[in-house]
Amino acid sequence: MVLLTSSTVSAILTSGIICISTILLFLTGYALQQQSVRNIQHALRPPSTTPIAHQEHSNLARNVHSGQEVLPELSLDRDKASYPGARGNYAYLQLLSDPDPSNICSAIAFFKTLATNSTIAQDRLFMYPQDWDLAPPSSISTPVSTALSLLRAASTKYGIWLLPIDMTKATSAGYTVTDTKVLRLGQIQFMQYDGVLYVQTPGLLLDTEKLDSMLFSHSLPLRHDKSRPDSYNNEAWIPMPLRPDRDATLPPVYLVTVNNVGSQIEARGHIPNVSLPGFGDLVTGPWGVHEKKGHKSSPGYVYFEKDKDGYVQWAGNPLFGAWRAKQYDVCDGLDLDDTYE
Ligand SMILES: *[C@@H]1O[C@H](CO)[C@@H](O)[C@H](O)[C@H]1NC(C)=O
Ligand SMILES: *[C@@H]1O[C@H](CO)[C@@H](O)[C@H](O)[C@H]1NC(C)=O
């Protein structure tokens, strides 16, 4: 047996503590470095990178298993050249500020149809408050956590970029999280796009080609350019600034174009000119479906209205059954007719 003096013991303890601190410091530094590597990778993302590789940076997507079924490189066969505005980088956006399982399934179904029906727009974006990723599992209900894990799996399968938005700037100032606030804080992520088209959830995609033509059939405002009147006086897209202080919800169809002037990023919002023949009825509410006769064609995307309790209206909605079927197709195992808190 070796007898230790108290000074030896304290020396051993001290060096032990120093060792542990050093290891902790190293680990912290390593984690920080990995974080910034990821941020840099994100910032440097070339426009045409496949979504799957990019999802690294999203918390929701982090536990997606590799080796899952991935769609082959989506074909852009449909003649892009026939659309003058199609050269560039475009995305469809669905956005939720509240993790409602039915709405999450509606968004998944939307993205699945886009992916399997070869949209011309390269990217599919889903934007949501980062809190959804950070909430401890015990604090969310089973339907919500099921819907979120279905969303994670779908992000790989259908090439959805998950964009978790840090809302602390709004919540720490006492504001509630609304759709418009999520977009305001999140639109910085649109830097690499020429245009991002938001369509309201819940809704049903009826015709991918028609929805695409909303983005590509008319010249888009794109970046502000004095020599191009279309950029500020556009017949198809009417400027509509985002007003998160006044409005909680977004217009049901909302086009964001991004100006990237030096280090400054300016996003401009637009709504479609519904008086433009054949344009305003590409995306409508359920009423657009009734007018099938004669010259009026059926819409590409139909967004649904909600009653005062936040439930999608059955009455006067001829697409409700078809929509439910699409939801169950992507959210097997959830009871969507149940009511959620
Ligand atoms: C998807 O493609 C199929 C086959 O081309 C077509 O019948 C269907 O209408 C399309 N659906 C949408 C939503 O575009
Ligand atoms: C909207 O479209 C109509 C019909 O083409 C046109 O007369 C009107 O000027 C357009 N509105 C704007 C703001 O461009």
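A salt bridge is a side-chain nitrogen of Lys or Arg within 4 Å of a carboxyl oxygen of Asp or Glu. In this predicted model, the structure contains 2 salt bridges.

**Salt bridges**

One of them joins the side chains of Lys112 and Asp329, with an N to O distance of 2.9 Å. Lys112 belongs to helix H4 (residues 101–116) and Asp329 to helix H11 (residues 320–330), so this pair ties together parts that are 217 residues apart in sequence. Lys112 is partly exposed, at a relative accessible area of 22%. Asp329 is also partly exposed, with a value of 46%.

A salt bridge also links the side chains of Arg243 and Asp247, where the N to O distance is 3.9 Å. Arg243 has a relative accessible area of 34% and is partly exposed.

**Ligand surroundings**

Ligand 1 is surrounded by Thr113, Asn117, Leu205, Leu206, Asp207 and Thr208. Taken alone, ligand 1 exposes 360 Å², of which the protein buries 41%. By class, its shell comprises 2 nonpolar, 3 polar and 1 charged residues.

Around ligand 2 lie Asn234, Glu235, Ile238, Asn273, Ser275 and Leu276. On its own, ligand 2 has 360 Å² of accessible area, and the protein covers 51% of it. The shell of ligand 2 divides into 2 nonpolar, 3 polar and 1 charged residues.

| Ligand | Protein atom | Distance |
|---|---|---|
| Ligand 1 | Asn117, polar side-chain atom | 2.4 Å |
| Ligand 1 | Thr208, polar backbone atom | 2.8 Å |
| Ligand 2 | Glu235, side-chain N or O atom | 3.2 Å |
| Ligand 2 | Asn273, side-chain N or O atom | 2.3 Å |

Helix H8 spans residues 179–186 and is mostly covered, with 6 of its 8 residues buried. The buried residues in H8 are Asp179, Thr180, Lys181, Val182, Leu183 and Gly186.

The loop between H8 and strand S4 (195–199) contains Met191. Met191 counts as partly exposed because its relative accessibility is 41%. Together with Ile188 and Ile265, Met191 makes a nonpolar surface patch of about 250 Å².

Conventions. Residues numbered from 1 in each chain as written. Chains lettered and ligands numbered in written order. Predicted model: local features only at pLDDT ≥ 70, side-chain atom pairs only at ≥ 80, totals over all residues. Heavy atoms only, no water. Near = heavy atom within 4 Å. Polar contact = N/O pair within 3.5 Å; in protein donor to acceptor, adjacent residues only side chain to side chain. Areas by Shrake-Rupley, 256 points an atom, 1.4 Å probe, with all protein chains shown as cover. Nonpolar A, V, L, I, M, F, W, Y, C, P; charged D, E, K, R; others polar. Buried < 20%, exposed > 50% of the residue type's maximum accessible area, 1.4 Å probe, protein only. Helix = DSSP H or I, 4+ residues; strand = E, 2+ residues; numbered from the N terminus. Patch = residues over 30% accessible without salt bridge, like charges linked within 9 Å, V, L, I, M, F, W, Y side chains within 5 Å.
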